[in-house]
Amino acid sequence: MTDILATWPAPAVSQPVRARVSVPGSKSLTNRLLVLAALAEAPSTLRAPLISRDTQLMLDAVAALGGAVEHDGDAVRITPIEGVPDAPAEVECGLAGTVMRFVPFASAAAGVSARFDGDAQARVRPMGTVLSALRELGVDVSAESESLPFTMTVDAVPRGGSIDIDASQSSQFVSGLLLAAPRFAEGLTVRHTGASLPSVPHIDMTVETLRAAGVTVDTPEPNVWRVHPGPIAPLDITVEPDLSNAATFLAAALVTGGEVTIPNWPDRTTQAGDEFRFIAETFGGESELIDGELTVRGPKQLQPVDLDLSSVGELTPVTAAVAAAAGGTSRITGIGHLRGHETDRLSALAAELSAFGVTVDEGEDSLTITGPPTPDAGSIADRGWNTYADHRMVMAGAVLGLVRPGLVINDPDTVSKTLPAFTRMWDEAFG
């Protein structure tokens, strides 16, 4: 079978862009809501959820564990998990961190034994914290290493109580426990014991979705969350647009000195992508949110930045691409946890930006980027921009390509993880 898009010539522009782009639903919200719907006391309806590889993997996981999924136009109806399969459920995680880190705890909460596996790159993503937590909750786990694949055998739903974990590598470890905790007889108190905690807004998002489903969640002190036991109410909810995906389109305004508008931007949100409007201002741009429409205008000259993105690490690839387009030296810190994402994002960004004439100093948890790219670096036609099976690398390459003519992106279809229509949307907006 031939790949539809083995490569993609990223559009380049010579004038400031002007575009209005509607972005599909949030992956992070969609997958959290799907977990809660699978554990709820009655069927739920999610309206305008994201349908992408990651969310389809979550839908498939819900069905594998014994739930039911029904599509109705742009809505999805979830019937909660009922009964226990005769054999362990088979859950395919792909490269979706939310599936491999949320679903094992949901499976335990539903009393379902399951076997988990995923893509080759998923087998090197950190999972030891999940496996240790499952064992502490009383679940039998069989694994050759502290990663995928593994099999969990659930003899009874865990009673819960309290658990200490080190979530320094990923906030998803905390979120996975919190989402399952209402089904434990004693609820659960989760305490993060590590020195740092990345992507805190994602935990805030988890807490908010739990409360929307009628679950009582307390935060008695920093890095401690207490989920009370009780039913999870069925949901009927419209999913917000994915603001991190939207950030890529807003970045186009910054690097070209243009203007991009995203409709349906929420006034209040826990999505990390909301931070990009403030990042845009740090680069010298303008952001304006009026009546649910966010407009970002790029400056005549981008300013170098010094940013700590520890709480919003998923914005690093696109922010790095903007920094590469700027003159001067920018520094992005607090991003060491990105080495355990779809790929080692720091090394991947350093390699690709360097290949296209940007000077990059890769630190343990930082990138120092000096742009703009030189026009004669390497043989662009021969090499291309590598994407490492990472959707955010596709998006970063697209941003740089606007100001670096001739940039060709390899394996662009990996963006289907969160936004299958990305290349078409980008071509329509800026091609």
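**View 1. The side chain of Asp390 meets the backbone of Arg392.** A polar atom of the Asp390 side chain lies 3.0 Å from the backbone nitrogen of Arg392. The model shown here and in every other view is predicted. Asp390 sits in the loop between helix H11 (380-383) and helix H12 (391-401). Its relative accessible area is 0%, so Asp390 is classed as buried. Beyond its neighbours within four places in sequence, Asp390 is in contact with Glu342, Thr343, Arg345 and Thr414.

**View 2. Ser366 in strand S21.** Strand S21 covers residues 366-371 and includes Ser366. Is Ser366 buried or exposed? Ser366 is buried, because its relative accessible area is 6%, under the 20% cut-off. Which residues does Ser366 touch, not counting those up to four places away in sequence? They are Arg331, Ile332, Thr333, Ile335, Leu346 and Asp361.

**View 3. The open sheet built from S10, S11, S13 and S12.** Four strands form an open sheet with mixed pairing. Their order is S10-S11-S13-S12. Strand S10 (161-165) and strand S12 (217-221) are the edge strands, and each pairs on one side only. From one strand to the next, the twist averages 20°. S12 and strand S13 (residues 224-227) run antiparallel and are joined by three bridges. In one of these pairings, Glu221 has Val224 of S13 as its bridge partner. Helix H6 (residues 200-212) packs on the sheet and touches S12 and S13. The direction of H6 makes about 140° with that of S12.

View 4. Strand S16 (residues 286-290) pairs with strand S17 (residues 293-297) in the antiparallel sense. Five bridges connect S16 and S17. Ser287 has Val296 of S17 as its bridge partner. How many residues lie between the strands of this hairpin? There are two residues between S16 and S17. Asp291 takes a positive phi near 50° in this hairpin.

**View 5. Two faces of strand S6.** In a regular strand the side chains alternate between the two faces of the sheet. Strand S6 (residues 89-92) has a covered face made of Ala89 and Val91. Glu90 and Glu92 make the uncovered face of S6. Strands of a sheet pair through backbone hydrogen bonds, either parallel or antiparallel. S6 pairs with strand S7 (residues 114-117) in the parallel sense. Four bridges link S6 and S7. Opposite Ala89 stands Ala114 of S7.

**View 6. Where domain 1 meets domain 2.** The protein is divided into domain 1 (7-24 + 241-430) and domain 2 (27-238). The C-alpha centres of domain 1 and domain 2 lie 30 Å apart. Domain 1 gives 23 residues to the contact, and domain 2 gives 24 residues. The size of an interface is often given as the accessible area lost when the parts come together. For domain 1 and domain 2, the area buried between them is about 1,700 Å². Carbon and sulfur atoms account for 49% of that area. Which residues of domain 1 lose the most area to domain 2? They are Thr270, His337 and Lys417. Together, Thr270, His337 and Lys417 make up 32% of what the domain 1 side buries.

Key: Residues numbered from 1 in each chain as written. Predicted model: local features only at pLDDT ≥ 70, side-chain atom pairs only at ≥ 80, totals over all residues. Heavy atoms only, no water. Pairing = 2+ DSSP bridges. Axes fitted to C-alpha atoms, helices over the stretch in contact; angles between N-to-C directions. Contact = heavy atoms within 4.5 Å. Buried < 20%, exposed > 50% of the residue type's maximum accessible area, 1.4 Å probe, protein only. Polar contact = N/O pair within 3.5 Å; in protein donor to acceptor, adjacent residues only side chain to side chain. Domains from an automatic or database assignment. Buried area = accessible area lost by both parts, 1.4 Å probe.
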